[in-house]
Amino acid sequence: MVVGKKVTKDSILPSVCEDDGDEGGKEEDLGGIASRPVSRPRSLYSRGSVDGQRVPRSPSQHQSIKLVHQVEDYTNEEDEVEEGRGHPGDGQQQEGECVIGDEDFDTDLELDRFHNEKQAYDPTGQSHYREACKMLNVTPVSYFLRNMNQSELNMMHCGLGSQGTKALAVSLVTNTSILKLNLRDNWMEGMGAAAIADMLKENCYITEIDLSENRMGEHGARALSSMLLENTTLVSLNLSGNHLDERAARHLSPALIANQKLQHLDLSHNRFGDMAGEILGAAIAENTAMKSLNLAWNCVRGKGAIAFAEGLGGNIFLRTLDLSYNGLGKEGAVALEEALKHNNTLEDLNISNNRIPFEGAIHFALGLKVNSTLRILKMSRNPMQSAGCFAILKSVQANPESAVEFLDFSDICVDQEFEDLFNSTKETLPNLQVKHGGKINAAFKKS
């Protein structure tokens with residue numbers, strides 16, 4: 001039967017309306033409609049007449065009862081019935097306005113499908129994590145299962161290894177809760193880092209991730225660099241202490257140039273040397289998103305320091321830079337002089353413990369004399385002595401547009417001349433704070 005066809009009670013149950021004693025060929029009057037009794041009840045679900053060689057489909061008991069009630073309701077409520085006359089044998093009957101929709105054709109197969117529906121979507125990824133752990137033959141971390149629905153997850157020192165990290169990454173692909181993830185010191189190595197990188201290509205919720213102290217090396221750096229070319233949500237990445245060297249820098253360079261979202265990058269405690277300084281310096285000059293960069297505890301010196309300082313001069317977005325514990329020396333300080341003259345965005349600079357002598361401090365002070373954006377300068381543990389500190393403070397005093405608020409000369413002793421200069425500078429810059437290694441004893445100085 002065609003869905004939407006108008007039917008009546010007579011068309012559904014013709015046997016109720018005909019006399020059992022009448023002969024098969026005798027016509028009878030049913031409500032003014034000429035018709036003849038059919039030799040067999042027509043099935044409501046038949047796709048056509050028996051003469052048309054179409055096989056009828058018998059309705060189930062609950063379907064027949066349902067349809068009878070529909071027709072009865074219709075006959076009780078309708079005031080007028082549309083009449084029509086057909087030719088004997090053509091199978092036409094009076095039509096009602098009861099429309100049968102698809103929902104009326106419930107079958108056992110549909111009920112089975114309802115009961116066999118797939119599992120509800122898991123936004124935390126717990127089921128995926130358990131399956132991945134079973135497949136990779138690792139023990140699930142109960143802390144992770146309990147806290148997968150938190151916005152911040154700290155899993156430092158859990159000993160995941162590369163396989164455990166893979167299982168973790170599988171579940172994080174679909175996790176929509178975690179925004180900040182700390183996986184520091186889990187010995188994930190290159191394979192684990194690659195799994196995390198693949199996950200970050202799909203996950204669009206994690207904005208901060210700490211992968212420090214995981215010994216990922218060049219393999220991990222290559223995978224993460226590829227991820228940075230695609231990811232558009234990550235704003236903070238910590239790769240400290242991962243045995244990264246010049247080869248890793250070559251992978252990171254194009255990612256730093258192309259990525260427009262990453263704002264904070266920590267590359268401290270690695271093995272970047274002179275060549276890496278040149279590579280990263282060129283990338284920093286082209287970067288248009290980075291706000292803070294940490295390169296502390298590396299080996300950037302000589303030509304690498306000069307090239308990096310030149311890149312800093314061309315950058316117009318970086319706000320915070322940590323170059324402490326590198327070994328910039330006099331050459332690096334001279335290069336930073338030019339960078340400070342051209343850079344008008346840097347606000348926080350740390351060049352502590354970089355073997356900067358007195359001559360280097362003099363050159364650096366010349367750049368500081370014209371800079372108008374630097375607020376915090378840290379130059380502790382450099383062999384520039386009190387004279388070098390004096391030159392730096394003097395340049396701040398002589399710059400009417402200076403924005404310096406804090407000078408850190410920790411572990412460098414200063415003399416009375418420096419103290420007098422500081423007191424006079426406080427009159428024009430009352431908010432200026434200076435930290436040093438203490439005042440040189442006058443008696444000791446004479447001896």
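By class, the lining of the largest cavity has seven nonpolar residues, one polar and no charged. Nonpolar means Ala, Val, Leu, Ile, Met, Phe, Trp, Tyr, Cys and Pro; charged means Asp, Glu, Lys and Arg; the others, Gly among them, are polar.

Some ground rules. This is a predicted model, where local features need pLDDT of at least 70, side-chain atom pairs count only at pLDDT 80 or more, and totals for chains, interfaces and linings use all residues. Residues are numbered from 1 along each chain as its sequence is written, and side-chain values use heavy atoms, with hydrogens and water left out.

Back to the cavity. The structure holds one of 30 Å³ or more. The largest cavity has a volume of about 40 Å³. A cavity is a set of points on a 1 Å grid over the protein atoms alone, where a 1.4 Å probe fits but cannot get out; lining residues have an atom within 4 Å of a point. Volume is the space filled by probe spheres set on the points, which are joined across faces, edges and corners.

Who lines it? Val 300, Ala 305, Phe 308, Ala 309, Leu 323, Leu 328, Gly 332 and Leu 336. The largest share, three residues, comes from α12. Helices here are DSSP runs (H or I, at least four residues), numbered from the N terminus.

Now the pair. Helix α9 (residues 217–228) and helix α10 (residues 246–258) pack at about 5°, axes 8 Å apart. That makes α9 roughly parallel to α10, a term for angles under 35 degrees.

Note on methods
Axes are lines fitted to C-alpha atoms, for helices over the stretch in contact, and angles run from 0 to 180 degrees between N-to-C directions. Helices (H or I, at least four residues) and strands (E, at least two) are DSSP runs, numbered from the N terminus. Angles under 35 degrees count as roughly parallel, over 145 as roughly antiparallel, 65 to 115 as roughly perpendicular and the rest as oblique. On a 1 Å grid over the protein atoms alone, a cavity is a set of points where a 1.4 Å probe fits but cannot get out, and a pocket is an open set with protein on both sides within 12 Å along at least five of seven lines; lining residues have an atom within 4 Å of a point.
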